[in-house]
Each structure stands twice: as C-alpha cells, then as structure tokens.
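Please look at the sequence and structure below before reading on.

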Amino acid sequence: ILLMVIILASCDQQTGAEERNKASLLKTHEELFDKGNLNYADEVFTQDYAGQGPEWIKAYVKERRDAFPDLETSVKPMIAEGNMVAWLRTQTGTHNKEYAGIRPTGKKVTFRGVMVSRYTEDGKIAEEWGASNVEEALQEANGIDGVYEYLPPGKGQAVNRNGQFIYLFGPADGKEPLTSQAGTYTFEGDSVKN
C-alpha cells in the first residue's frame, strides 16, 4: 500500500507540473504577444535561454509585433509530458514592416509554428525547438517571390525574393551551357524587367 501511495503522489506531482507549464505557456503568449509586456520574459525564461537569456525573446517578440501591429495569437493544442510542452501557435496579422528579409506586403497573413518547450523544475523555459512557415506565408502574400521554372525554348530555374533575382538559364536543346546571373527586377505595366 505504501508503494502505491508513493506512486500516486509522484503522478500527482508530475501532472501538477505539466498543468503549471501549460498555463505558463498560455500566460507567456498573452503577456508577450497580446499585451506587449516584454519585461515578462525576465520572469519565465532562463538566463541562458537561446544563449542570450530573456533579451533574445524580447527582441524576437518586438520585431514580430512591429512587423504585424494587429497580431493575433492562438496557442492550441498543447501536449505536456514531464518537463516538456509541445504546442502549435497560429498567428495572424497585417504585414506592415519588413520581416525575415521580406518587404511589407500590406496584407493580412496567417502563419503557424510547431514548438517544443523544455521547462526547468522551477517553471522557467530553458530551451525551445520548432519550425514555422512564416517565410513561406509572407512570400505567398507577396505574390512574386518564389521559385520559377523556365519552359522551352528556354530551360533553367530562377529564384526571386524581395526584388532580387538569381537564375540559371539556357536553351532547352542543351547546345549552350546554362548561365547564372543575379540582379533586380522592376515592373512596367504587365512586364517585368530584369
């Protein structure tokens, strides 16, 4: 019976820490992204988070809020196990300032990130790993940036990003080698000048 009581007590402690971490994650997003309370990062991130401590997350949140002033954030679902919380963040906002090297589109953009946060025993975020589609969503909103394939009589591939291009291009018959160039593009009516 004593062993069963110890096991149950251990499970209750683990469940309590998992629920605490999930609640902390929601409050962190509310304080940082919704309210813009960047100093809250000092309370919930360890001093060695991302090699720079809370200052790194403050700069990250400020840059995102500046680029998307009407940013709306949703965090769900969340799955906690031990000292880890896995979560999906969906954000929507109007892209009004350069972000991730992409000029502002003036369009409302939705992007997602899947993250895993590791918490310390005292409830601070020590590490995070994740992936996001923010750059792809912004490129799609731009409507121009992307990867393009040339069709016969030419062949090759071009990458356009933020008004800059680089491409490999040549005749489809293969009689001449592909050439590589880089530069800028401008729009005149319905045409594009490289």
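Which residues does Phe-45 touch, not counting residues up to four places away in sequence? Phe-45 touches Thr-28, Leu-32, Pro-54, Ile-57, Lys-124, Ile-125 and Glu-128. Contact here means heavy atoms within 4.5 Å.

The model is a predicted one, in which local features need pLDDT of at least 70 and side-chain atom pairs count only at pLDDT 80 or more, while totals for chains, interfaces and linings use all residues. Residues are numbered from 1 along each chain as its sequence is written, and side-chain values use heavy atoms, with hydrogens and water left out.

**Overall fold**

The protein holds four helices and ten strands. Helices (H or I, at least four residues) and strands (E, at least two) are DSSP runs, numbered from the N terminus. Read from the N terminus, the order of the elements is α-α-α-β-β-β-β-α-β-β-β-β-β-β. Of the 194 residues, 35% count as buried. Buried means under 20% relative accessible area, exposed over 50%, and partly exposed in between (1.4 Å probe, protein chains only). Among contacts between residues at least 6 apart in sequence, 43% join residues at least 24 apart.

**The nonpolar core**

A nonpolar core is a set of buried Ala, Val, Leu, Ile, Met, Phe, Trp, Tyr and Cys residues joined through side-chain atoms within 4.5 Å. The largest one has 30 residues, of which Phe-45 and Ile-57 touch the most other members. Two or more residues of this core come from each of α1 (2-34), α2 (41-44), α3 (54-67), β1 (72-81), β2 (84-94), β3 (108-119) and α4 (134-142).

**Charged residues**

Side chains of opposite charge can pair when their charged atoms come close. A salt bridge is a side-chain nitrogen of Lys or Arg within 4 Å of a carboxyl oxygen of Asp or Glu.

| Pair | Closest N and O atoms |
|---|---|
| Glu-19 and Lys-22 | 3.7 Å |
| Glu-31 and Lys-27 | 3.3 Å |
| Asp-66 and Lys-62 | 2.7 Å |

Glu-19 and Lys-22 both belong to helix α1 and are three residues apart, about one turn of the helix. Glu-19 counts as partly exposed because its relative accessibility is 45%.

Glu-31 and Lys-27 are four residues apart in helix α1, so about one helical turn separates them. Glu-31 is buried, with a relative accessible area of 7%, whereas Lys-27 is partly exposed at 37% relative accessibility.

Asp-66 and Lys-62 lie in helix α3, four residues apart, which is about one turn of the helix. Asp-66 is partly exposed at 33% relative accessibility, and Lys-62 is partly exposed with a relative accessible area of 44%. Elsewhere, salt bridges that share partners join Lys-27, Glu-30, Glu-31 and Lys-35 into one network.

Arg-64 is found in helix α3. Arg-64 is buried yet has no salt bridge, and the nearest side chain of opposite charge, Glu-63, is 7.4 Å away. Leaving aside neighbours within four places in sequence, Arg-64 is in contact with Phe-33, Leu-71, Arg-89, Gln-91, Tyr-99, Phe-111 and Val-134.

**The largest pocket**

The largest pocket holds about 370 Å³ of space. Of the 25 residues that line the largest pocket, Tyr-49, Tyr-60, Arg-89, Met-115 and Glu-128 are the closest to its centre. The elements that give two or more residues to this lining are α1, α3, β2, β3 and β4 (125-132), and β4 gives the most, with seven residues. On a 1 Å grid over the protein atoms alone, a pocket is an open set of points where a 1.4 Å probe fits, with protein on both sides within 12 Å along at least five of seven lines; lining residues have an atom within 4 Å of a point. Grid points are joined across faces, edges and corners, and a volume is the space filled by probe spheres set on the points.

Ala-80 lies in strand β1. Ala-80 and Asn-21 are 59 residues apart in sequence and 7.8 Å apart in space, C-alpha to C-alpha. Pro-77 also lies in strand β1, and a cis peptide bond joins Lys-76 and Pro-77, with omega about 0°.

Ala-50 is found in the loop between α2 and α3. Phi of Ala-50 is near 55°, a positive value in a residue other than glycine. Most residues other than glycine have a negative phi, and most peptide bonds are trans.

How values were computed: Lys and Arg count as positive and Asp and Glu as negative; His and the chain ends are not counted.
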